[in-house]
Amino acid sequence: MAGVLAMAGCAKDSGGDGNQAAGDGGGEPGSCVTEEAPAAPEGSQEEQTTDHGDVDAGDLKVGLAFDVGGRGDASFNDAAAAGVDRAVEDFGAEKGNESPAAGTESEAAKEQRLRQMAEQGNNPIIAVGFAYAEAVGKVAPKYPDTEFALVDDNSVDEENVTPLVFAEEEGSFLAGVAAAYKTSECHVGFVGGVKTPLIQKFQAGFEQGVEAAGGDNIEVTSEYLTPAGDISGFNDPAKANVKSKSMISQGSDVLFHAAGASGQGVFEAAAAGDALGIGVDSDQYEQKTLADVKDTIVTSMLKKVDVAVYDYIAAVAEGDPADLPERFDLSVDGVGYSTSNPAIEDVTDELEGYKKAIVDGDIEVSETPEG
């Protein structure tokens, strides 16, 4: 266990966006693993659920200000939409206005979207993505009777703003462990949509998970589609496809993406290159829009935006959104991994062992990549 903890805390970076030294590869899945996994907990692991009882949200009209890609991105935005759809069905909330962001829009456009939603009677309004932080900070004080949720950002200090933030690095650590067990070439890759501190949390966790299971034997190549400030990287499958094909040609045989709708390009490249993909946010193996490439998606890092949004709407209906967790992490099942593809079943004991070690505090996952 001491060896596991040492590896988890010292992912080695050889420069650039994150490239680690590798073994020779060319073996079977699992042959690149060098470290013994922590023991899995006894008994079956059941997902934690919150019992909201008989919540009545009939007075709520829920507005959704989407990030770039909007409903149908098979990832981040769809997860938020799923949470609203479920609350409409379970609690009787009214589905309000929805509007996606454009890839190059100004702050003024975001502010106008939120103001318009408030004027249209949407309450609460859920702003999906850190890009809305500045706009929410300006608009929310002007509508004190309207509740706002801000996904992926906790920088707005207003009484009517509830942050919904996650331990992306913890879920991504498990994705890294899965990649270490599934690679045959001892070379895996990470594709980030936009190089921001948030997406670097995915990179950091992934690299540490690979290192925890594979030591110095597995190379990790980490690449981004666009720099900070250019959010088009979350909605450019073609660019992701080209980047992924290049990574595969250089030896990566498992690719984990945190790139929103661009992930489709990652999976298409993996399918064409006899590689595997790891999805993000939602269970992408089950997404209808990815049905043609689903068999390449061995698992997905689950960032349960749907659960957070659903719980938030229930909390607003009950009058106390402050009761929500400060951060949705592994301890509250706010992040995790999917098991819908049977191909992941042979490593679930190892994943559960690492999960328990993180929850128990035996492994601490850094939010920032080394180097």
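Thr146 is buried, with a relative accessible area of 10%; buried means under 20% relative accessible area, exposed over 50% and partly exposed in between, using a 1.4 Å probe and protein chains only. This is a predicted model, in which local features need pLDDT of at least 70, side-chain atom pairs count only at pLDDT 80 or more, and totals for chains, interfaces and linings use all residues. Residues are numbered from 1 along each chain as its sequence is written, and side-chain values use heavy atoms, with hydrogens and water left out.

Thr146 sits in the loop between α4 (133-139) and β4 (148-151). Helices (H or I, at least four residues) and strands (E, at least two) are DSSP runs, numbered from the N terminus. Apart from neighbours within four places in sequence, Thr146 is in contact with Asn122, Asn123, Ile125 and Asn160, where contact means heavy atoms within 4.5 Å.

An open sheet is formed by 6 strands with mixed pairing, in the order β7-β6-β8-β9-β10-β11. Two strands pair if DSSP finds at least two bridges between them. At the edges lie β7 (219-227) and β11 (335-337), each pairing on one side only. Strand β6 (residues 187-195) runs parallel to β7 and is joined to it by 8 bridges. Val191 stands opposite Glu223 in β7.

Two helices that pack on the sheet are listed here. Axes are lines fitted to C-alpha atoms, for helices over the stretch in contact, and angles run from 0 to 180 degrees between N-to-C directions.

| Helix | Strands touched | Angle between directions |
|---|---|---|
| α6 (residues 197-214) | β6, β7, β8 (254-258), β9 (276-281) and β10 (297-303) | about 170° with β6 |
| α8 (residues 263-272) | β6, β8, β9 and β10 | about 165° with β9 |
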